[in-house]
Amino acid sequence: MVVNSAAQVTCPALKLVFEAINPESCPHSYNFHMHTVCSDGKLQPEALIQQAIALGLKGLAITDHHSVQGYQAANQWLTTWKPSSFEPAPLLWSGVEISAKLLTTEVHILGYGFDPNHPGLQPYLQGQAPQNEDYQAQRVIAALHTAGGLAILAHPARYSCSPAELIPAAANLGIDGVETYYCYNNPPVWSPSPQQTALIYALGSSHGLLHTCGTDTHGLNLLRRL
């Protein structure tokens, strides 16, 4: 059967999805920030993709820290699953979350739509944070681009440096977008934090960046963070 995976979909197609993202997109239509047991999450990859289907997600990415094992396991599960008219298969993009130094702080950079087997990306897929020059944000962004992917600054309002400092710096290094729609606490019902969203949307838009969304799920429920 034809696998309904977005692993081979080009970045222009993924950009179109990101361009259409809005405050209502997550968590019921799209979710581009989720973790499995392959890093620091609690869900098995197969359970995550099954829950995504049950929720009716149109598209998603598994973004384990420095690993694509969760993505690969979920993608493999999709190859044997038979979609129905009631439960169509979502598009599953390759994803990863990489630690990097930007200005004076450690940030997380989300990668999407890349070739997981590209040699230039392998230093970042070893299950631990990169070291030395590979730890620099510029190198991380370049590696994702070399592998055919997009680079997104995760949750810009969670760091010691302000979004007003980090987003222009990331844009100068060629980052493609920012995680605009993000919940900075853990309420029972996930919703993007309004104050941070407005600031990050304005800063990202002023630099021509894409806007993404994600729950940053680490627990067993894709509808919230923990």
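A crossing is left-handed if the near helix is turned anticlockwise from the far one by less than a right angle, and right-handed if clockwise. With that settled, H5 passes H6 in a right-handed crossing.

This is a predicted model, where local features need pLDDT of at least 70 and side-chain atom pairs count only at pLDDT 80 or more, while totals for chains, interfaces and linings use all residues. Numbering runs from 1 along each chain as its sequence is written, and side-chain values use heavy atoms, with hydrogens and water left out.

**Two helix pairs**

Two packed helices are described by the angle between their axes and the distance between the axes. Helices (H or I, at least four residues) and strands (E, at least two) are DSSP runs, numbered from the N terminus. Axes here are lines fitted to C-alpha atoms, for helices over the stretch in contact, with angles from 0 to 180 degrees between N-to-C directions.

| Helix pair | Angle | Axis distance |
|---|---|---|
| H2 (residues 45–55) and H3 (residues 69–80) | about 60° | 8 Å |
| H5 and H6 | about 30° | 10 Å |

Angles under 35 degrees count as roughly parallel, over 145 as roughly antiparallel, 65 to 115 as roughly perpendicular and the rest as oblique. H5 and H6 are therefore roughly parallel to each other. Contact means heavy atoms within 4.5 Å; for this pair, Pro163, Ala164 and Ile167 of H5 meet Leu199, Ile200, Leu203 and Gly204 of H6.

Now the other pair: H2 and H3 pack at about 60°. That makes H2 oblique to H3. H2 passes H3 in a right-handed crossing. H2 brings Pro45, Glu46, Ile49, Gln50 and Ile53 to the contact, and H3 supplies Gly70, Ala73, Ala74, Trp77 and Leu78.

**A look along H6**

Helix H6 covers residues 194–206, which is 13 residues, and spans 18 Å from first C-alpha to last. That is close to the 18 Å expected at 1.5 Å a residue, where the expected span is 1.5 Å times one less than the number of residues.

Which residues of H6 are buried? Thr197, Ile200, Leu203 and Gly204 are, where buried means under 20% relative accessible area, exposed over 50%, and partly exposed in between (1.4 Å probe, protein chains only). Seen down the axis of H6, these buried residues fall within an arc of 145°, so they line one face of the helix; the arc is that of the directions from the helix axis to the C-beta atoms. Their packing partners are helix H5 (163–172), strand E7 (177–181) and strand E8 (210–213). On the other side of H6, Pro194, Gln195 and Ser206 are exposed. After the helix comes Gly208, with a positive phi near 70°.

Most residues other than glycine have a negative phi, and most peptide bonds are trans. A few spots in this model go the other way.

Take the peptide bond from Cys26 to Pro27: it is cis, with omega near 10°. Pro27 sits in the loop between helix H1 (11–19) and strand E1 (30–31).

Asn132 has a positive phi, near 55°, without being a glycine. You'll find Asn132 in the loop between strand E5 (105–112) and helix H4 (137–146), and at 66% relative accessibility Asn132 counts as exposed.

His155 also has a positive phi, about 25°, and is not a glycine. Its place is the loop between E6 and H5. Buried or exposed? At 2% relative accessibility, His155 counts as buried.

Ile152 belongs to strand E6 (residues 150–153) and is buried, with a relative accessible area of 0%. Leaving out residues up to four places away in sequence, Ile152 touches a set of residues including Phe18, His108, Tyr112, Val178 and Thr212. Ile152 and Ile141 are 11 residues apart in sequence, and their C-alpha atoms are 8.6 Å apart.

His108, in strand E5, is buried at 18% relative accessibility. Beyond its neighbours within four places in sequence, His108 has contacts that include His65, Glu97, Ile152, His155 and Tyr159.

Tyr159 lies in the loop between E6 and H5 and is buried too, with a relative accessible area of 14%. Residues up to four places away aside, Tyr159 touches Thr105, Glu106, Val107, His108, Leu153, Ala154 and Leu166. From Tyr159 to Gln136 the gap is 23 residues in sequence and 16 Å in space, C-alpha to C-alpha.
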